[in-house]
Amino acid sequence: MTDATSQMITTADGKPLKAALAASLAVRRRRAFLLVAPLFLFILISFIVPIGQMLFQSFYNDTFSKNAPALVEWFSTHPEGSEIDESAYAALAADLAQMKKDRTAGEAGTRINYDVSGTRSLFTSTARGADKFKPPFKEAILQVEKKWDNPNVWRAMRSASSPFTLDFYLAANDLTRDESGKIVPVAEGQAIYKKLMGRTLMLSLEITALCLLLGFPIAFLLSSLPMRKAMLLMILVLLPFWTSLLVRTTAWMVLLQSQGVVNDLLVWLGLVRDDHRIQMMYNETGTIVAMTHILLPFTILPLYSVMKTIPPSYVRAARSLGATSWTAFRRVYLPQTLPGIGAGGLLVFILAMGYYITPALVGGADGQMISNMIAMHMQKTLNWSLAAALAAELLAIVLIFFWIYDKLVGIDKMKLG
Amino acid sequence: MALPVYASPLERLWHYTYLVICALILLFLIAPIIIVIPLSFNAEPYFTFTEKMLHFDPSGYSMRWYDKLVTFGMQNPEAERGAAFWWDFWHNATWMQVTKNSIIIGVCATLLSAGLGTVAALGLTRPEMPFRKQITAVLISPMIVPIIISATGMFFFYSGQWLPIISLSGGVHMEWGRLAGTYAGIILAHAALGIPFVIITVTATLSGFDQSLVRAAASLGANPRTAFFRVVMPLILPGVVSGGLFAFVTSFDEVVAVLFIANHDQQTIPRQMWNGIREQISPAILAVATILVVISIALLATVELLRRRSERLRGLSPR
């Protein structure tokens with residue numbers, strides 16, 4: 001026995017079997033990887049890297065630091081708390097003069113403006129006469145613009161003097177720094193992002209709950225009907241799934257308008273008075289109704305594929321042992337559908353968190369989600385760093401739920417139709 | 001789902017209530033899609049059924065919105081409907097141009113994602129594939145990452161000047177160009193967004209594939225190439241096609257990436273709809289919606305037929 005194990009097993013051409021196996025396995029592994037490699041590279045370059053590049057902007061913004069080298073130099077030699085003296089103003093004057101020449105005062109001012117509002121004009125107006133400043137610079141500059149005295153402006157410039165900053169994450173969480181650099185919440189009226197994030201989570205949860213509530217009976221019906229009938233009804237579920245998102249959103253806009261079909265029907269039935277038509281669109285209701293409709297197939301399909309595998313004999317056995325139909329459903333059937341509920345619910349929640357088009361079209365003011373705010377900062381206010389910080393937070397939440405999905409369901413179990 | 005004979009009256013009552021609830025939910029699912037169809041034939045510029053439409057009076061219905069779709073953007077919409085009119089339509093009508101763009105972008109993006117995706121799915125389903133889970137997660141991510149984040153990322157990426165372009169104007173020289181505002185840029189973006197659907201569908205098909213068929217082919221003297229094209233390919237083709245259809249629909253329906261990286265020349269159908277809905281919503285949008293619903297019915301029918309064929313080929317369905 002000991003002889004057999006100690007003796008090396010070799011292949012026909014004399015190589016040790018273990019090594020030959022390992023070599024052939026390595027070849028096969030490399031082959032499999034080479035098949036995947038082109039697509040992996042494609043996604044990496046055209047998808048993952050761009051997103052990384054975008055997120056990089058959330059903590060890297062050099063629009064001030066690259067345009068104000070003298071001030072950057074002054075801040076690096078003078079630690080926090082040092083007096084804003086003549087030398088600081090001299091650096092400011094030098095930078096402003098250079099900004100005037102390069103026409104970059106607006107760009108640099110915008111970066112400080114994100115922190116202390118109203119400072120962009122401070123930069124542009126002072127830079128206009130910057131080449132005429134004579135020493136002593138402090139008096140000269142303060143004469144033009146009194147606001148340079150504000151320690152908060154200097155605190156903001158110090159913070160912006162390094163291109164790496166967490167300022168935008170503070171802003172995305174409704175926080176700011178006070179004059180001494182301590183982190184404090186922003187003024188009551190300006191706190192919007194945390195509320196919006198909360199609303200996005202809340203709306204997504206409500207939509208997920210509604211989808212499960214409406215999807216469960218349908219999936220149950222489909223799984224208990226004979227194949228032929230189920231296939232017919234399945235078309236009613238799959239048709240919305242294959243219909244353009246914009247078509248479905250338009251359809252809901254048409255239905256929900258105050259002069260639309262639903263209101264007309266309610267008036268005709270006498271449930272609503274003609275002059276008191278219900279406002280169902282351009283608010284939260286519109287977003288919830290349209291998104292539930294759009295995402296419902298994503299709960300029905302996973303629930304259905306799980307329910308199809310549950311043998312009906314279990315419930316029958318429970319009934320024969322004396323359980324009422326409700327107990328049999330609750331104690332025997334429902335627990336077996338949990339994987340489907342988890343898969344469908346998580347998928348809908350993940351997709352709902354990132355919705356943009358439907359809230360933008362039917363959401364009005366209070367049906368907007370975090371995606372709409374990111375789009376606004378990208379397209380209107382052009383505060384790309386703040387947009388990136390908000391995007392990073394949204395992405396983090398989505399990826400956490402994707403990870404949970406992977407643990408509970410497994411991404412390789414994902415199915416469509 | 002027949003009621004068992006031993007059901008109590010209360011259970012019977014619940015059973016019928018349940019059926020009614022199901023009918024209502026199915027109505028909720030399908031009604032919004034169906035209702036746009038008659039409304040698109042409205043003779044009045046309203047989004048609801050007029051008195052005449054409810055009485056099935058032919059004068060309550062008209063093709064005016066479809067007419068508007070055809071003539072919108074044309075140079076001479078009043079012309080006689082002859083060859084000159086249709087020439088004008090083909091070259092100038094706005095909806096014709098966006099349809100062409102949608103088809104060009106959709107087809108190219110689909111070919112790219114279905115090609116790369118199928119090859120990758122072949123690798124991913126091999127048992128010896130290293131880091132399978134992690135790589136699948138990366139390949140699926142375009143479906144999971146919120147579209148606004150993907151679109152902004154692509155916006156920065158495609159706005160960067162790193163694309164070498166060989167210019168022939170004034171002697172041959174190379175310059176750096178950007179992908180934003182080109183067909184290539186949108187095709188690449190849409191291909192990335194469509195890949196998860198191809199991966200999911202083709203891996204699902206391949207997981208039901210009997211690997212011993214390949215060995216059987218090899219034992220009968222087929223080389224790997226022949227085995228692939230004569231044995232594997234015909235069996236997984238339905239999966240590939242339905243994955244490709246998913247990718248096509250994704251591109252055909254995508255508006256956010258187009259919003260961020262396309263310029264005026266690459267407007268697509270959904271982008272034009274987005275304009276129409278945001279600015280002045282008119283029943284002409286419903287005419288577009290109706291056409292798109294008809295297209296999606298055709299696509300759904302194709303996918304269903306493919307799925308049944310694939311199941312029959314694999315001997316799964318009891319016919």
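The part I have in mind is A:Trp242: where is A:Trp242 placed, and which residues is A:Trp242 in contact with, leaving aside its neighbours within four places in sequence?

Reply: This is a predicted model. The predictor gives the complex an ipTM of 0.86 and a pTM of 0.88.

Start with the residue. A:Trp242 sits in helix α11 of chain A, which covers residues 227–242. A:Trp242 has 24 C-beta neighbours inside 10 Å, so A:Trp242 counts as buried; the cut-off for that class is 20 or more. Set aside the neighbours within four places in sequence, and A:Trp242 is in contact with B:Val249, B:Ser296, B:Leu299 and B:Leu300. Within chain A, A:Pro297 lies 55 residues away in sequence. The C-alpha atoms of A:Trp242 and A:Pro297 are 9.9 Å apart in space.

Next, the records around this site. An unreviewed UniProt entry lists "transmembrane region" at several places in chain A, including residues 201–223, 230–247 and 284–304. Residues 284–304 of chain A are 100% helix and 0% strand, with end C-alpha atoms 29 Å apart.

The domain assignment gives domain 1 (2–49), domain 2 (69–190) and domain 3 (193–413). The C-alpha centres of domain 1 and domain 3 of chain A are 44 Å apart. Chain A holds 19 helices and 2 strands. The radius of gyration of chain A is 31 Å, well over the 22 Å that the globule rule gives for 417 residues, so chain A is more spread out than a compact globule. The C-alpha trace of chain A spans about 95 × 95 × 40 Å along its principal axes. Of the 417 residues in chain A, 40% are buried. Take the contacts in chain A with a separation of 6 or more: 68% of them join residues 24 or more positions apart.

Then cross to chain B. The contact between the chains takes 76 residues from chain B and 75 residues from chain A. On the chain B side, the elements giving two or more residues include α1 (9–39), α5 (94–124), α10 (224–252) and α13 (283–313) of chain B. The largest share comes from α1(B), with 14 residues. By type, the chain B side divides into 62 nonpolar, 10 polar and 4 charged residues.

UniProt lists "transmembrane region" (unreviewed entry) for chain B too, with 227–249 and 284–306 among the spans. Residues 227–249 of chain B are 100% helix and 0% strand, and their end C-alpha atoms lie 31 Å apart. Residues 284–306 of chain B are likewise 100% helix and 0% strand, with end C-alpha atoms 33 Å apart.

Last, confidence in the partner chain. Chain B averages a pLDDT of 86, and 93% of the residues score at least 70. Among the elements of chain B, α5(B) has the highest mean pLDDT, 93. Strand β1 of chain B (residues 163–167) has the lowest, 68. Where pLDDT is low, the predicted coordinates should not be read in detail.

Note on methods: Residues numbered from 1 in each chain as written. Chains lettered and ligands numbered in written order. Predicted model: local features only at pLDDT ≥ 70, side-chain atom pairs only at ≥ 80, totals over all residues. Domains from an automatic or database assignment. Contact = placed C-beta atoms within 7 Å. Nonpolar A, V, L, I, M, F, W, Y, C, P; charged D, E, K, R; others polar. UniProt positions renumbered as here; feature names shortened; annotations may be inferred. Rg over C-alpha atoms; globule rule 2.2 N^0.38 Å. Buried ≥ 20, exposed ≤ 12 C-beta atoms within 10 Å, placed from the backbone. pLDDT = per-residue confidence, 0-100.
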